[in-house]
Amino acid sequence: YHIYGRDPGLPPAAYPEVATYFTPASWAGLSRAIEQGLATGLPYECDAEVVRADGRPCWITARGQAQRDETTGRVLRLFGTLQDITERKLAEEEVRQLNATLERRVEARTAELLAANRELDAFAYAVSHDLKAPLRAMIGFSQALTEDYGAKLEPGAHEYLQQIMIACHTMGALIDGLLELSRSTRGELNRERTDLSIFATRIRSEL
């Protein structure tokens, strides 16, 4: 009664009513296992879903083996056990649903990341275009000022113009570096040895 949810006086497996105790697919699988056990005499094991009268879910594992005639070896009958595995099946289903939910969340997160990367690419292009245009203008006008009015400028003014152009080139390099850094998260990192003393000397000179 614990497994089937029905009167324990109801029939053993030979009675046709037992087929209604299972889902059609489970009964078909269990029948095949039993028939194979009768035909071959080999032990069988089969999971089946029970249709309980009270509607509660229930799964069993049916295990059986043959009893043979000692003289002829012919299979006389099958005997075995039923084990309630409902808790295990419900746990497996819960894990399956959690995995499905996780997969959906991963897919949604992946779509969000792809959209964010596209926005980042668009932003990086805008930064490159919008910030470099003023730098090119500053460099161009500084060069024009030097070429057209260089003779009229004091020596210190030439140095100031040179510093403006150096700063513009430095800022252009920084923009390129930021753009390269924004792309590095979507590619492989290339490792290389770096002499920090050279960097420190260059920065000191710039300062």
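The following legends describe close-up views of a predicted model.

**View 1. Strands 2 and 3 form a hairpin.** Strand 2 (residues 57-68) runs antiparallel to strand 3 (residues 75-84), and the two are paired over 9 bridges. Within this pairing, Ile 60 has Asp 84 of strand 3 as its bridge partner. The hairpin has 6 residues between its strands, and Gly 73 in the turn adopts a positive phi of about 80 degrees.

**View 2. A salt bridge joins Arg 63 and Glu 45.** The closest N and O atoms of this pair are 3.3 Å apart. Arg 63 is partly exposed, at 32% relative accessibility, whereas Glu 45 is exposed, with a relative accessible area of 55%.

**View 3. Asp 47 and Arg 88 meet in a salt bridge through their side chains.** The N to O distance is 3.2 Å. Because Asp 47 belongs to strand 1 and Arg 88 to helix 2 (residues 86-149), the pair ties together parts that are 41 residues apart in sequence. Asp 47 is partly exposed, with a relative accessible area of 30%, and Arg 88 is also partly exposed, at 41%.

**View 4. The side chain of Asp 47 also forms a salt bridge with that of Lys 89.** Here the N to O distance is 3.7 Å. This pair likewise links distant parts of the chain, Asp 47 in strand 1 and Lys 89 in helix 2, 42 residues apart. Through salt bridges that share partners, Asp 47, Arg 88, Lys 89 and Glu 92 are joined into one network. The whole structure contains 7 salt bridges.

Key
Residues are numbered from 1 along each chain as its sequence is written. This is a predicted model: local features need pLDDT of at least 70, side-chain atom pairs count only at pLDDT 80 or more; totals for chains, interfaces and linings use all residues. Side-chain values use heavy atoms; hydrogens and water are left out. Two strands pair if DSSP finds at least two bridges between them. Helices (H or I, at least four residues) and strands (E, at least two) are DSSP runs, numbered from the N terminus. A salt bridge is a side-chain nitrogen of Lys or Arg within 4 Å of a carboxyl oxygen of Asp or Glu. Buried means under 20% relative accessible area, exposed over 50%, partly exposed in between (1.4 Å probe, protein chains only).
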